[in-house]
Amino acid sequence: MKITNSRYSVLILLVGLFINTNSIAQENDVSNYRMLFNFNTTKQHDNSRLLEVSFIARNKKDRKDKIPVYDAEIKFFNILNEDEVLLGASKTSQEGIARITLPENQQYLTDDDGYINFKAYFEGSDAMDEEEDEISVKNLFLELNLEEIDSVKTVTVEAFVLDSLGVKTAVEEADIIISVGGMLSNMNIEEGTIEAGEFEYEFPIGIPGDVNGDLTVNAIIEDHDEFGNVIQKKSVNWGVFDREFVEESNKLWSEVAPIWMYVVLTILLVGVWSNYIYTIRNLFKIKKEGKKLDLETEN
Amino acid sequence: MDLNIRKRELVKEFSPMMVRSSVTLKLWIGLLVAIIALGLVAFVIQVLNGHEATGMRDNVVWGIYIINFIFFVCLSYSGAFIAGILHFFNTPWKNSVLRIVEIITVLSIIVGPIFILLCIGRLDRLHYLFIYPRIQSPITWDIIAIMTDLIGCFIYLYLTFIPDFAILRDNSEDIPNWRKKLYKWLAIGYKDTPSQREKLHKITRTMSAMIIAMAIIAYSVLAWIFSLTVQPGWNSSIFAPYFIVAGLYSGVGVIIIAMFLIRKYLKLDHYIRKIHFVGAGVILLVISLLFGYFTFSEYFSRWFSHKVHDINLLNTLFNRYFWLFIIANYVGVLVPIAILFFKKFRTINSITFAAVIAVLGLWLNRYLIVVPTLETPYLPIQDTRPEFIQYSATWIEWSLSFAGIAAFILFFILIMRLVPIIPMSGIIDIEREQQRKTRIFSKKRK
């Protein structure tokens with residue numbers, strides 16, 4: 001009985017291993033996917049504004065199965081009550097991203113509270129329903145100053161909005177991140193809060209810069225309820241440059257091999273070949289002894 | 001019994017196997033020669049037309065020739081390793097299998113390197129390898145290792161043959177003159193005196209220890225040819241031990257198959273017994289578990305690392321080569337384990353079947369190491385013709401591959417015509433030892 005059970009176990013195991021998970025047909029029907037249509041805006045360091053939509057289809061059962069919606073035309077509007085001003089349109093990339101950049105001097109319709117209302121709209125297709133998303137932000141201005149005050153490298157950020165008359169109103173409170181630019185991504189060096197429109201931070205010593213010691217300092221407000229994303233940045237010669245990066249050359253591309261390689265190879269070969277010679281020498285001794293025995297027998 | 005009389009009896013027992021030729025044997029030899037002849041035709045075509053006659057192109061520069069090379073060379077190294085272990089530790093049942101292992105060792109190291117020559121596009125520049133060797137290149141290490149190993153294996157094989165040549169020289173009757181002369185020349189005056197016996201035993205034992213070490217080094221060098229590159233699928237720190245385990249896996253498999261065929265066709269049931277198969281089967285089981293473990297580790301770490309090129313390689317393996325992957329790494333490992341794990345299944349036939357599956361699985365495993373990696377290069381493939389992107393072997397390559405296998409079998413048969421496959425000297429040694437023990441025992445009783 002035990003053996004029968006074991007046999008069945010092995011059989012089941014083997015059959016299980018033969019099942020090709022890749023061969024099961026994927027259910028790519030749109031109805032199995034939920035559309036994720038996310039719209040956000042970022043005010044960039046040159047005061048231009050980026051409007052961006054991420055359009056992704058996510059499997060209802062397998063949340064890891066995400067397919068970007070490609071080539072979908074997204075229209076971006078500035079809306080106020082019944083008015084809709086088309087700001088531009090863009091098609092989604094292979095990553096499912098559609099974006100447009102509005103220049104610094106772009107005129108917006110704003111409501112009584114100073115909010116700019118944006119709408120992103122996808123009008124749908126035969127297979128997909130229409131999608132839209134709206135966001136409202138105030139036009140925030142960030143002024144980033146990098147100065148040495150009493151020999152202390154100081155980062156000062158001023159945050160304000162302008163009313164219709166151009167009068168500055170300081171931001172009461174907002175979280176801010178100070179980061180420095182790196183080769184692959186930004187490195188956060190401080191997270192703080194703007195209070196009464198100002199934030200001050202003592203820049204640390206010893207942050208690596210480029211060859212000339214220059215580095216880029218970023219002041220970033222992220223996902224703020226009133227202002228969305230706002231980025232300001234400036235370059236300054238506050239970085240350090242310790243040493244020049246010396247590229248290691250491949251040692252084995254040299255004409256001559258490293259000494260240790262010759263030594264190891266020689267030891268190995270001498271060891272092996274000495275044994276061969278020793279063996280052959282003994283074979284000759286055996287032969288000699290045989291000849292001697294033959295002669296003795298003949299005599 | 002007088003050992004000299006026993007020697008004569010043994011020669012009488014084994015002589016028919018070496019001298020008589022049955023119709024079946026002649027047919028087999030004819031078939032093998034025909035396969036080799038076809039291989040020679042394929043070789044001429046390849047030389048005249050270049051590598052265009054093969055499936056190898058700019059990207060997939062290595063095909064089944066290199067797989068056969070690895071397979072045979074690893075077979076030889078594993079043979080050397082096993083023979084060394086059997087001899088050095090004086091394993092009780094070594095006598096029945098030792099010569100089979102030794103012959104496999106030497107023939108594989110002769111046949112294997114021929115395949116690497118077939119991979120070379122410009123054979124006329126072969127001598128450059130020796131004129132301008134780069135000591136820092138694993139290819140140079142491999143050439144040195146193979147040549148050293150070949151000579152070492154030849155010497156070792158010859159050492160184990162000497163006592164049998166001497167027995168055949170002194171006791172053969174009714175054999176052609178050339179055979180007598182050949183045995184006399186090869187026996188180098190060995191008379192089985194205690195002094196000669198001691199010398200021969202000493203150097204054979206030293207050589208057996210040396211070929212174990214040499215096999216490990218040579219195995220590693222062969223693995224480094226692949227693993228010291230940065231190619232996905234090859235650049236692995238466990239490749240050297242993986243190759244050693246894989247080589248032993250195929251080695252034990254081929255030994256079991258050879259034992260089965262020799263036992264069946266030479267009717268040596270009383271020399272090659274079930275116990276030998278069970279012993280070899282258990283060793284195959286242990287190695288199959290190790291091989292499975294290494295294979296899993298190898299692919300698991302590649303999958304887990306999520307490096308782009310490794311993932312591309314795994315995608316190739318799990319799509320285009322899905323069934324080959326299953327046969328090589330699941331069937332080729334799990335079926336032998338399933339058969340050999342249960343005592344009840346350990347019959348001669350089932351153990352041999354497990355060995356055949358293991359050998360075929362391992363050959364395919366080699367194929368999956370070489371070809372899919374070359375089909376997923378770092379740089380985009382320049383020429384997008386299907387035959388440049390994907391490799392498939394041509395009839396030229398298959399003919400030469402089968403010619404190599406045929407040459408291996410043919411040489412095996414020819415060596416068995418020269419000396420008995422069961423070492424007579426080994427049987428004499430065992431009986432001499434028994435007589436010595438009996439003498440000591442009777443003295444003690446008195």
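## Two chains and the side they share

Within chain B, 83% of the contacts between residues at least 6 apart in sequence join residues at least 24 apart. That figure, like the others here, comes from a predicted model. Of its 446 residues, 41% are buried.

Now for chain A. Here you will find two helices together with 16 strands. Buried residues account for 19% of the 299 residues in chain A. Among contacts in chain A between residues at least 6 apart in sequence, the share that joins residues at least 24 apart is 54%.

Next comes the place where the chains meet. How many residues of chain A are in contact with chain B? There are 28 of them, and they touch 30 residues of chain B. Two helices of chain A, α1 (2-18) and α2 (259-298), each supply at least two residues of the side that touches chain B. Which element gives the most to that side of chain A? It is α2(A), with 18 residues.

The table sorts the side of chain A that touches chain B by residue class.

| Class, side of chain A that touches chain B | Count |
|---|---|
| Nonpolar | 16 residues |
| Polar | seven residues |

Conventions. Residues are numbered from 1 along each chain as its sequence is written. Chains are lettered from A and ligands numbered from 1 in the order in which they are written. This is a predicted model: local features need pLDDT of at least 70, side-chain atom pairs count only at pLDDT 80 or more; totals for chains, interfaces and linings use all residues. Two residues are in contact if their C-beta atoms, placed from the backbone, lie within 7 Å. Helices (H or I, at least four residues) and strands (E, at least two) are DSSP runs, numbered from the N terminus. Ala, Val, Leu, Ile, Met, Phe, Trp, Tyr, Cys and Pro count as nonpolar, Asp, Glu, Lys and Arg as charged, and the others, Gly among them, as polar. A residue is buried if 20 or more other C-beta atoms lie within 10 Å of its own, exposed if 12 or fewer, and partly exposed in between; C-beta atoms are placed from the backbone.
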